[in-house]
Amino acid sequence: MKIIVTDEVTGEGLALLQRDPRITLDVRLGLSKEALYACIGDYDAIITRSGTTVDKALLDAATNLKIVARAGVGIDNVDVDYASAKGVIVVNAPFGNTNSAAEHTLALLLSACRHVPAACASLKAGEWKRAKFTGVELKGKVAGVIGLGKVGGRVATRLKAFECEVLGCDPYVSAKRAQDLGVRLVDLEELCRSCDILTVHTPLNDETRGMIGPDQLALMKEGIILLNVARGGILDEPALLAALQSGKVSLAAVDVWSEEPPQSEVLKQLIAQERLVVTPHLGANTQEAQVNVAIDVSREILSYLDRAPLENAVNLPRFDPAVMDQMRPYFKLMAVLSEFGLQLLKGSLDRVTFGFAGAIAHHDCTPLTVSGLAALLGRATDQPVNMVNANLVAERIGLVVDERKSTDGGAFSNLVTLTLEGSGKTRVLSGTLFEGTPRIVRLRDYAMDFMPEEHMLLLSYMDRPGMIGRIGTVLGQHDVNIACMNLGRRERKGEAMVVLSVDTPVPLHVIAELQRATDATFVRALHLPSAALA
C-alpha cells in the first residue's frame with residue numbers, strides 16, 4: 001500500500017506504518033493543489049489534517065484511493081458523501097484529542113473570567129493596573145453545555161469540579177449518561193434562559209450551523225459568557241460581535257472560526273474586541289493529542305490492511321464494541337455464502353434477503369448485511385464495491401435488499417441464511433460457524449453439512465442405485481480427484497443433491513458428461529476465491 005501524508009503529523013504515529021513492510025510512506029508537505037492532483041493517483045491512502053481539502057476534484061483524481069485518514073476529530077475538509085459514492089473509506093481520530101479540547105475550553109474560560117491575556121499584556125508593557133482586571137469566579141454559576149459527547153462530557157465534569165451547576169442540551173444523549181455526569185438535561189431554550197456561562201461542543205452540520213444566533217442570544221441573561229471551542233460557524237459570529245458591542249455578552253472565548261485563517265472584516269472586528277479571548281484553533285494542539293491522533297489513524301490503516309473491522313470509520317456501519325470479537329468471524333461466513341450463492345444463481349439479481357437466526361439475532365446485524373451485499377455486488381457489477389458504497393450501488397441498480405431476524409435458530413445456536421432471487425429463480429443457502437469455521441448446512445430445502453473449499457461441484461438428480469459410482473467414474477476418467485462428498489435427499493429414490501469438494505477445477509466438457517451420465521436436473525462447478533476462504 002502506498003500512502004501519502006500531506007499535512008504535519010507526528011512521527012510517533014507514522015512509525016507504526018513505517019515499520020510495516022507492506023507500506024510505502026511518502027511525506028509530502030506543502031504541495032500545491034495542482035501538484036497533489038497530479039500525484040494522488042499513485043496512492044492507496046492519504047493522511048491529512050486540516051490543511052488538505054479532500055473534495056470531489058481530488059477524489060476524482062485519486063483513481064486508486066481506498067482510504068482517507070483525517071488525523072483529528074473533524075471531517076469538515078472531507079467530502080464524505082462523494083467519498084462514499086466512490087467506495088473510499090473515511091476514518092478519523094475522534095477520541096485522540098478529547099482531553100486536549102476539554103482542557104483548552106477551561107483554559108479559555110478561566111482566561112476570559114480572570115482577564116489573563118489583557119493583564120499579561122499590560123504588565124509586560126510596564127503597567128501595574130490591578131483594578132482594571134477584576135474578574136469573576138466560576139463557583140456558583142450556572143453553566144450550560146451543548147453537546148455531551150466525549151469533549152462536552154469532560155467539560156461538564158470539570159465545570160462540576162469548579163462547583164458550577166451544570167445544565168446540558170443534547171437530544172442524542174441518554175438520561176443515564178447525563179445522570180452519570182451530574183448534569184440536568186434541558187432543551188435549548190431553557191438552557192439559553194438559565195445559564196451564566198454557555199459552551200458548545202457539537203460537530204458542525206446542517207443541524208448545528210448557526211445554532212447560537214440572534215434569537216438564542218435574545219433569550220440569554222445580560223452578561224452571559226459564551227465559548228466556542230468546537231467548530232467555527234456553530235456560534236453566529238456577526239451576532240456575537242453585536243452582542244459583545246452591546247454588552248449583552250460580557251465575556252467570550254473563541255478558538256474556531258467559520259473562515260480559517262480569518263479574513264473577513266466581520267471576523268477581524270470580532271477578534272479585536274477587548275472582552276473576547278481568542279486562539280487560532282488550538283483545541284487539539286497538545287503534544288499528547290498530536291501523538292494520539294496520529295497513532296489512531298495509523299492503527300485504522302493497519303486494520304484495513306489486516307481486514308479487521310475499523311473502529312473510527314465515519315462512513316462504515318459499526319458493531320457495538322462489546323460484541324465485536326464475537327461477531328467478527330461472521331464476516332468470513334458472509335463472504336463464503338455470498339460467493340457460493342451468486343455462483344448458484346448465474347443470472348441477474350433482483351432481490352437479496354439476509355436472514356439471521358439464533359443468538360446472533362439479538363445484535364445489530366447491519367454490518368453483516370452490508371458486508372454480504374458488498375461481496376455479492378463485487379461480483380455482479382463492474383465497479384469496486386465495499387461496505388462503504390454497497391447500499392448506494394444496490395440502490396443505483398435497483399436491487400431490493402431485505403433483512404430478517406429470528407431468535408429461533410432451530411438446531412443451531414446461530415444461523416445465517418442467504419436468499420437470492422433473479423431471472424425467475426430463487427437460491428437459498430444457510431451457514432453457521434463450527435469452532436469459528438464457516439460451514440454450509442442447508443441448500444434449498446436440503447439439510448447439508450460441508451466446509452466450503454476452493455473447487456466444488458454440485459449436482460441434483462433422481463436418486464437411484466449406482467449414481468454416486470457414475471459420478472466418481474466420470475471424474476476419475478478425467479483425473480479429477482474427489483476430496484470430500486456430502487449427500488442430501490428428502491426421501492428414498494427421490495431427488496438428491498450431492499456436493500463434492502475436488503482438488504482441481506472441473507472442465508466444462510466434464511460437466512456436460514456428468515449431466516448426461518446422471519440425467520442431472522442441475523449441475524454446477526463452483527470456485528471460491530482464496531480471499532473468501534482466508
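Arg464 is partly exposed, with a relative accessible area of 30%; here buried stands for under 20%, exposed for over 50%, and partly exposed for what lies in between, using a 1.4 Å probe and protein chains only. The model is a predicted one, in which local features need pLDDT of at least 70 and side-chain atom pairs count only at pLDDT 80 or more, while totals for chains, interfaces and linings use all residues. Residues are numbered from 1 along each chain as its sequence is written, and side-chain values rest on heavy atoms, with hydrogens and water left out.

Arg464 has a salt-bridge partner in Asp519, and the closest N and O atoms of the two are 3.6 Å apart. A salt bridge is taken as a side-chain nitrogen of Lys or Arg within 4 Å of a carboxyl oxygen of Asp or Glu. Asp519 sits in the loop between helix 19 (508–518) and strand 22 (522–527), and Arg464 in the loop between strand 19 (455–462) and helix 18 (467–477), so the pair ties together parts that are 55 residues apart in sequence. Helices (H or I, at least four residues) and strands (E, at least two) are DSSP runs, numbered from the N terminus. At 51% relative accessibility, Asp519 counts as exposed.

Helix 19 itself has a clear inside. Val510, Ile511, Leu514 and Thr518 are its buried residues. Looking down the helix axis, these fall within an arc of 100 degrees, so they line one face of helix 19; the arc is that of the directions from the helix axis to the C-beta atoms. An α-helix has 3.6 residues a turn, so residues three or four places apart point the same way. What do the buried residues of helix 19 pack against? They pack against strand 19, helix 18 and strand 22, contact meaning heavy atoms within 4.5 Å. On the face turned away from the buried side are the exposed residues Leu508 and Arg516.

In total, the structure holds 17 salt bridges. One of them joins the side chains of Asp402 and Arg351, at 2.5 Å from N to O. Asp402 belongs to strand 14 (residues 400–406) and Arg351 to strand 13 (residues 351–358), so this pair links parts 51 residues apart in sequence. Asp402 is partly exposed, at 22% relative accessible area, and Arg351 is partly exposed too, at 30%. Elsewhere, Asp20, Arg22 and Asp306 are linked in a network of salt bridges.

Five strands make up an open sheet in the order 2-1-3-4-5, with parallel pairing; two strands pair if DSSP finds at least two bridges between them. Its edge strands are strand 2 (24–27) and strand 5 (89–92), each pairing on one side only. Strand 3 (residues 45–48) and strand 4 (residues 67–70) run parallel and are joined by four bridges, with Ile47 standing opposite Ala69 in strand 4. Helix 1 (residues 11–18) packs on this sheet, touching strand 1 (2–5), strand 2 and strand 3, and its direction makes about 150 degrees with that of strand 2. Helix 13 (residues 287–305) packs on the sheet as well, touching strand 1, strand 3, strand 4 and strand 5, at about 160 degrees to the direction of strand 4. Such angles run from 0 to 180 degrees between N-to-C directions, the axes being lines fitted to C-alpha atoms, for helices over the stretch in contact.

Another open sheet has seven strands in the order 8-7-6-9-10-11-12, again with parallel pairing. Strand 8 (184–185) and strand 12 (276–278) stand at the edges with a single partner strand each, so one side of each has no neighbour in the sheet. Helix 7 (residues 150–161) packs on this sheet, touching strand 6 (142–146), strand 7 and strand 9 (197–200).

Finally, the nonpolar cores: each is a set of buried Ala, Val, Leu, Ile, Met, Phe, Trp, Tyr and Cys residues joined through side-chain atoms within 4.5 Å. The largest has 44 residues, and Phe340 and Leu443 have the most contacts inside it. Helix 15 (residues 329–345) gives the most to this core, with nine residues. Leaving out residues up to four places away in sequence, Leu443 touches Phe340, Leu344, Val428, Leu429, Met448, Phe450, Leu458, Met497 and Val499. Another core, of 31 residues, lies apart from this one and includes Leu167, Val200, Ala243 and Ala252.
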